[in-house]
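Here is a friendly note to read with the structure open beside you. Take the points one at a time, and find each residue as you go.

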Amino acid sequence: KLFIKNMHHVIVTASHDEEVINIKYPGIPTSIIYNYPPKYLLPKYNSQLRDKLNISDSQKILLYQGVLHEGRYLKGMVNILKEMKKITVVIIGNGYLKNSLYSYAKLNQVSDRFFILDAVPYKALFSLTSGADLGWCIIEPLTESLKCALPNKLFEYALAGIPSVVSDLPEMSPIVNKYKLGKIVPTYNMEKQITAIKSLLNENIKDNLKKIAIQNFTWDVQSNKFLQIILGDN
């Protein structure tokens, strides 16, 4: 509130953010620059993730990458493990929920199929991502910000050829439905999440997802727009 009135231009990462700025601070130019990954990080499938955690080929890997905090419904992944014996959950990231998630997995007797790896440098992340089978992109609408979230992991999963299980929220749903990046599910409905997981595992869309991501969801497709904003305001 103090500084935004002095801005020449405001860059946001989703359409709802832009709408809020335009309503509250009319007259300030705004643009959307999405959290897309760079194309040069396009990974090739490898077994690094499976080898690192000794996960057999008979298990399908459900992956979450990002910080471990409220609003990502990470306990929902543990709940799914109780019902799907051929699923292993891998989380890559750090955060204060780490110990409680381990405890929850132990309580539900699925610790042998639940793993948390520490965060890795961004350039090294995609080699691990590409070894998973599904991405977890569930957001709990606990706040207005979370309700309108558009996580960069959605695009990272796509670039790695991994379909996602995604919350039915206003910023994510249209993109997922339009480009077929995964399945939209209610945040707290485990039965529908399991149905979505089974459906995605029966589809062979890895290569097609990568093509879609390269064409639409990499930094390369919007870098010129960013430069034009910066140069134009100078």
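Predicted model: local features only at pLDDT ≥ 70, side-chain atom pairs only at ≥ 80, totals over all residues.

1. Strand 3 and strand 4 (residues 87-92) run parallel, and six bridges join them.

2. Strand 3 also pairs with strand 6 (residues 134-137); these two run parallel as well, with two bridges between them.

3. How buried is strand 3? Five of its six residues (the strand covers residues 60-65) are buried, so the rest of the structure largely encloses strand 3.

4. Now follow the chain onward. Strand 3, helix 3 (residues 75-83) and strand 4 together form a β-α-β unit, and this unit is right-handed. Within helix 3, the buried residues are G76, M77, V78, N79, I80 and L81. What do the buried residues of helix 3 pack against? Their partners are strand 3, strand 4, strand 5 (114-117) and strand 6, along with helix 4 (98-107) and helix 9.

5. Next come the aromatic rings. Searching the whole structure gives nine aromatic pairs. One of them is Y73 with Y188, an edge-to-face pair whose centres are 5.1 Å apart and whose planes make an angle of 80 degrees. This pair links distant parts of the chain, since its two residues are 115 residues apart. Y73 lies in the loop between strand 3 and helix 3, while Y188 lies in the loop between strand 8 (182-185) and helix 9 (190-201). Y188 has a relative accessible area of 47%, so it counts as partly exposed.

6. Why is the pair of Y122 and F126 called edge-to-face? Their ring planes stand at 85 degrees, and an angle over 60 counts as edge-to-face; the ring centres are 5.5 Å apart. Both residues belong to helix 5 (residues 122-129), and because they are four residues apart, about one helical turn separates them. Is each one buried or exposed? Y122 is partly exposed, at a relative accessible area of 36%, whereas F126 is buried, at 1%.

7. Rings can also gather in a group. Y34, Y36, F155, Y179 and F217 are linked into a cluster by ring pairs.

8. How many disulfides does a search of the whole structure find? The number is zero. A disulfide is a covalent bond that joins the sulfur atoms of two cysteines. Take C137 as an example: the closest cysteine sulfur belongs to C148 and is 14 Å away, which is too far for a bond. C148 is in no disulfide either, and its nearest cysteine sulfur is that of C137. C137 is buried, with a relative accessible area of 1%, and C148 also counts as buried, at 6%.

9. Last, visit S173 in helix 8 (residues 172-179). S173 has a relative accessible area of 8%; the cut-off for buried is under 20%, so S173 is buried. Leaving aside residues up to four places away in sequence, S173 touches S167, D168 and I184.

Key:
Residues numbered from 1 in each chain as written. Heavy atoms only, no water. Buried < 20%, exposed > 50% of the residue type's maximum accessible area, 1.4 Å probe, protein only. Pairing = 2+ DSSP bridges. Right-handed = clockwise from strand over helix to strand, strands pointing away. Phe/Tyr/Trp six-rings, centres within 6.5 Å; stacked < 30°, edge-to-face > 60°. Contact = heavy atoms within 4.5 Å. Disulfide = S-S within 2.5 Å.
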